[in-house]
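Please look at the model first.

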Amino acid sequence: MRVSREQMAENRERILDTAATLFRERGFDGVGVADVMKAVGLTHGGFYGHFSSKDDLVAQALGRAFAHSGQWAAEAKAAKPQEPLQAIVDRYLSPSHRDDAGHGCPVAALGSDTARQSEASRLAATEGVRAAIEGLCAITPGATADQRRTSAIAGYATLVGALVLARMVDDAALSDEILAAARAGLRSPQS
């Protein structure tokens, strides 16, 4: 049975969204093409009508995950426009974000894995990190652009590092303490 162009485009979007979620949950090596296609409800053979290889899927799924993170940050800022940086900090360093790696930050979920991926995947990650830093620069206090950029990069590194630590420990109280300490450390001066 022939699939319409619209259905092909819809299937491709579902594959990308599903792959972005599964990779963040299980890592790149923990998910095969067959796993993604099964989760979407399509056959393994249909994969190559959308992507040239798993590496191609990884790169595009990373781009999708970073796009979702950008939307997530925009929602956080819109929810608290008077304190957009604090809104992002509070939402990023929340137990709900910690507990939902599949829909969360791709850097915290896949950072070390991405360093060992293809050039295309590393490029997608670089573009995503650049966009996140630029977004933070726009809302980070500082007297000069250089100061805002330095603070934004340090804040981003703190967010990611704290989330990674909070996810990796098997002590719930320590995990919560890590999130709370990082939130307090990143508290904006007017808070």
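## Basis

Contact here means heavy atoms within 4.5 Å. Helices (H or I, at least four residues) are DSSP runs, numbered from the N terminus. The model is predicted: local features need pLDDT of at least 70, side-chain atom pairs count only at pLDDT 80 or more, and totals for chains, interfaces and linings use all residues. Residues are numbered from 1 along each chain as its sequence is written, and side-chain values use heavy atoms, with hydrogens and water left out.

## H3 against H6

In H3, Leu62, Ala65, Phe66 and Ser69 meet Pro106, Val107, Leu110 and Thr114 of H6. By class, 6 of these residues are nonpolar, 2 are polar and none is charged.

H3 spans residues 54-79 and H6 residues 106-114; they pack at about 150°, with axes 11 Å apart. H3 is therefore roughly antiparallel to H6. Axes are lines fitted to C-alpha atoms, for helices over the stretch in contact, and angles run from 0 to 180 degrees between N-to-C directions. Under 35 degrees counts as roughly parallel, over 145 as roughly antiparallel, 65 to 115 as roughly perpendicular and the rest as oblique.

The H1 and H3 axes come within 8 Å and cross at roughly 85°. The two helices are therefore roughly perpendicular. Their contact has 9 nonpolar, 2 polar and 6 charged residues. Among them are Arg12, Glu13 and Asp17 in H1, and Lys54 and Arg64 in H3.

H3 and H7 pack at about 10°, with axes 8 Å apart. That makes H3 roughly parallel to H7. This contact has 8 nonpolar, 4 polar and 2 charged residues. It includes Asp55, Gly63 and Lys77 in H3, and Ser121, Gly128 and Gly135 in H7.

## The largest pocket

Which residues lie nearest the centre of the largest pocket? They are Phe66, His68, Ser69, Gly70 and Ala73, out of 33 lining residues. H1 (5-26), H3, H4 (84-92), H5 (95-98), H7 (119-137) and H8 (145-168) each give two or more residues to the lining. The lining divides into 17 nonpolar, 11 polar and 5 charged residues.

Key
Ala, Val, Leu, Ile, Met, Phe, Trp, Tyr, Cys and Pro count as nonpolar, Asp, Glu, Lys and Arg as charged, and the others, Gly among them, as polar. On a 1 Å grid over the protein atoms alone, a cavity is a set of points where a 1.4 Å probe fits but cannot get out, and a pocket is an open set with protein on both sides within 12 Å along at least five of seven lines; lining residues have an atom within 4 Å of a point.
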